[in-house]
Amino acid sequence: YKTGGNMKPIFEPERQFFYKKTGILLPTDCWRDGTKIYLDCTCDKPLYKFKVQNKNIIISKDNTKLFKDKQKKLIELQELYNERINILVKRTFYRLAKFILKHPNKLYVFSHSGGKDSTVAYDIWVKTLKKIYDKYNITIDYIINFANTSNETADTYKYIKNELPKDKLKILNPKEGFYQWIKRENYYTPSCLVRNCCRTYKEGQINKAYDNNLEYVMCIGVRQVESVKRSKYQFAMDDTFYRKIFNGKSNMPKKWVNIAPIVDWTDMDVWLYIKKNNLKYNPQYEFGFNRCGCLICPYQSDYIDLLIEEYYPNQWKRWIDILTKSYTSTFVYESFKWTLEEWLNGKWKLGTGKEHELIHKKPTPERIKELATIKGISEEMAAKYFNKRCSYCDKKLNSAELAMNFKMIGREMDLNKLLCRKCFCNKFNMSSKEYTQKIIEFRNSGCNLF
């Protein structure tokens, strides 16, 4: 079946939400992967494709005529893949038990987010510890850690407090809440480019709460299919491992180890295991959420934003108020050229301006004219900004890099000799700091190329 990192069953609340937004009542037991809806998770082609525009769900592809075969219901999928799940579970039990028996005296912390992956990993964790005790009479003590970011939903908090053993649960509450933190930062909001909220409220809290000089083992629910970054993850990961795959960078204390029991599981494996074992899970998944954790996140899709507005209206309104304040306090229009409406409708997530978005699209007459208007330059000059690459290293050029070429070399320069920041500095014997200072000087002088 499909192995993507966003596949989930569509439960009845999401099915009704989709009907409310589109007028289409999906068959029961459909699956959704991002903006694609599948009849079941074995299908190669989606039943529907959709996109979100101006808070409306627009059907962009209707393939319903292609599907004449009977749909595989969830109960049938459980039976069909029962052997696969059994083999996967046995392998997961084995490597987890092997690690614990090899390191029985380390300090174990199970890190629970309230999401489905943590739910499955924790179920396997508890069953593994029971097997170890039954066979070897060895008791492994542990703590359940929940890093409260103050940006979760009430459903997540209820799940954590009601479904996990209170005698083992350790909730890390921040000294300053997420919304208070943004207010103190003059309403500077996180984006896909600057995501310091995770460093502050997740890794930061955990690293402060536990002694970095002790040998902790953090059991986590991460999986390889969740992202490109995590595709290299393994069952056991230490500081050396993270530095190797992240160019010498690591947030992991040297004496700690992360273990990821379900690192090689797919989304379908997780859901079929949940259903097979009748596990309780966070109700956010019923509403349509792919993940649980921070409610407001720059990595959330526009579809998830619709779900937040529908099911958590008070938190959504609070966020819109913050975005409205940030638009003025951080000079969004002056810096990024987004209108307030564009900013509120999701452009806050990008961390880049309208120029950046325009110049990496096809240079239609409308887009060229829009860029010319934004920059206050001729349309002939604006056309030179679209889809350009460095002539040395082939890197995509951003608006500031292009402006530096046109300012320093000349507006009529050969467009086949454009250079990125690094190659420009190398050719003209300039430091990166000097390059940045030049950009600031030219902008402050009012040069409209910038």
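Glutamate 357 is partly exposed, since its relative accessibility is 24%, and in this predicted model its side chain meets that of lysine 361 in a salt bridge, with 3.6 Å from N to O. Lysine 361 is also partly exposed, because its relative accessible area is 34%.

**Salt bridges**

The count of salt bridges in the model comes to 31. One of them joins aspartate 264 to arginine 95, where the closest N and O atoms are 2.6 Å apart. Because aspartate 264 lies in the loop between β11 (257–259) and α9 (267–276), while arginine 95 belongs to helix α3 (residues 82–102), this pair ties together parts that are 169 residues apart in sequence. Arginine 95 counts as buried, with a relative accessible area of 17%, whereas aspartate 264, at 25% relative accessibility, is partly exposed.

| Salt bridge | Closest N and O atoms |
|---|---|
| Aspartate 264 and arginine 95 | 2.6 Å |
| Glutamate 176 and arginine 184 | 2.9 Å |

**Two packed helices**

Helix α1 (residues 12–22) packs against helix α11 (residues 302–311) at an angle of about 100 degrees, and the axes of these helices are 12 Å apart. That angle makes α1 roughly perpendicular to α11. Where they meet, α1 contributes Pro13, Glu14, Phe17, Phe18 and Lys20, and α11 contributes Tyr303, Leu306, Leu307, Glu310 and Tyr311.

**Buried and exposed places**

Aspartate 239 is located in helix α8 (residues 239–245). This aspartate 239 counts as buried because its relative accessibility is 7%, which falls under the 20% limit for that class. Leaving aside residues up to four places away in sequence, aspartate 239 touches Ser250, Met252, Pro253, Lys254 and Trp256.

Leucine 66, by contrast, is exposed, at 53% relative accessibility, and lies in the loop between β5 (56–62) and α2 (74–80). Its C-alpha atom is separated by 9.7 Å from that of proline 46, a residue 20 residues apart from leucine 66 along the chain.

Tyrosine 188 is found in the loop between α6 (178–184) and α7 (196–209), and it counts as partly exposed, at 45% relative accessibility. Together with Leu193 and Val194, Tyr188 forms a nonpolar patch on the surface, and the accessible area of these residues together is about 290 Å².

Key. Residues numbered from 1 in each chain as written. Predicted model: local features only at pLDDT ≥ 70, side-chain atom pairs only at ≥ 80, totals over all residues. Heavy atoms only, no water. Helix = DSSP H or I, 4+ residues; strand = E, 2+ residues; numbered from the N terminus. Buried < 20%, exposed > 50% of the residue type's maximum accessible area, 1.4 Å probe, protein only. Contact = heavy atoms within 4.5 Å. Patch = residues over 30% accessible without salt bridge, like charges linked within 9 Å, V, L, I, M, F, W, Y side chains within 5 Å. Areas by Shrake-Rupley, 256 points an atom, 1.4 Å probe, with all protein chains shown as cover. Salt bridge = Lys/Arg side-chain N within 4 Å of Asp/Glu carboxyl O. Axes fitted to C-alpha atoms, helices over the stretch in contact; angles between N-to-C directions. Parallel < 35°, antiparallel > 145°, perpendicular 65-115°, else oblique.
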